[in-house]
Amino acid sequence: MTVRPEPSGGSVYLLHFEPGLPVTGNRVARHYLGFAEHDVDARIEQRLRRRGSPLVAAVLAAGGRVTLERVWTGVDRGFERRLKRRHEKPRLCPRCVHDGVTGGRGPLSPAPA
Ligand SMILES: [Zn+2]
């Protein structure tokens, strides 16, 4: 897959945390969805240097790994808002889909042998 931001329009990117970061209640944050107006690589680089997102910074500070899983190009902030409202980031994340993670509900029970 080629990831090439188009000159017109922004990009939305999905970061995956390994392991997830425990937040309020029983919830575990596993993803960060962000928007970059121009240079998506620079924006992600910034996040990985713990700038701009307290959530990403906290994952890194806890020794977790942050990986880029998906980029949508040629989109606007409305697209980002729509994705966020859907509350199904695990389904948008290729890694989680592959691993069978349903997200936000703790670890899955072991798969039947
Ligand atoms: Zn994921």
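P19 sits in strand β1, which covers residues 10-22; helices (H or I, at least four residues) and strands (E, at least two) are DSSP runs, numbered from the N terminus. The peptide bond that joins E18 and P19 is cis, with omega at about 0°.

Before going further, a word on the model: it is predicted, so local features need pLDDT of at least 70 and side-chain atom pairs count only at pLDDT 80 or more, while totals for chains, interfaces and linings use all residues. Residue numbers start from 1 along each chain as its sequence is written.

## The chain as a whole

The protein chain holds five helices and three strands. Read from the N terminus, the elements follow the order β-β-α-α-β-α-α-α.

Of the 113 residues in the protein chain, 19% count as buried. A residue is buried if 20 or more other C-beta atoms lie within 10 Å of its own, exposed if 12 or fewer, and partly exposed in between, with C-beta atoms placed from the backbone. As for contacts in the protein chain with a separation of 6 or more, 61% come from residues 24 or more positions apart; two residues are in contact if their C-beta atoms, placed from the backbone, lie within 7 Å.

## The sheet

The three strands make an open sheet in the order β2-β1-β3, with antiparallel pairing; two strands pair if DSSP finds at least two bridges between them. β2 (28-36) and β3 (65-75) are the edge strands, each pairing on one side only. Neighbouring strands of this sheet are turned by 20° against each other on average, direction ignored. Axes here are lines fitted to C-alpha atoms, for helices over the stretch in contact, and angles run from 0 to 180 degrees between N-to-C directions.

β1 and β2 run antiparallel and are joined by eight bridges; H16 has H31 in β2 as its bridge partner. Their hairpin has five residues between the strands, and G25 there takes a positive phi near 60°. On the pairing of β1 with β3, nine bridges link the two in the antiparallel sense, and S11 stands opposite T73 in β3.

Which residues of α1 are buried? They are V40, I44 and R47. Seen down the axis of α1, these buried residues fall within an arc of 55°, so they line one face of the helix; the arc is that of the directions from the helix axis to the C-beta atoms.

R43 is partly exposed, with 19 other C-beta atoms within 10 Å. Not counting residues up to four places away in sequence, R43 touches G34 and A36. R43 and S11 are 32 residues apart in sequence, and their C-alpha atoms are 10.0 Å apart in space. Just after α1 comes R50, with a positive phi of about 65° although R50 is not a glycine. R50 lies in the loop between α1 (40-48) and α2 (54-61) and is partly exposed, with 15 other C-beta atoms within 10 Å.

## The nonpolar core

The largest nonpolar core has 13 residues, and Y13, L14, L15, V40, V56, V59 and V66 touch the most other members. A nonpolar core is a set of buried Ala, Val, Leu, Ile, Met, Phe, Trp, Tyr and Cys residues joined through C-beta atoms within 7 Å. β1, α1, α2 and β3 are the elements that give two or more residues to this core, and the largest share, five residues, comes from β1.

Leaving aside neighbours within four places in sequence, V66 is in contact with L15, F17, L48, V56, V59 and L60.

## Helix α3 over the sheet

Helix α3 (residues 77-86) lies across β1, β2 and β3, running at about 165° to β2. Is α3 covered or hardly covered? It is hardly covered: among the ten residues of α3, the count of buried residues is zero. H87 follows α3, and its phi is positive, near 50°.
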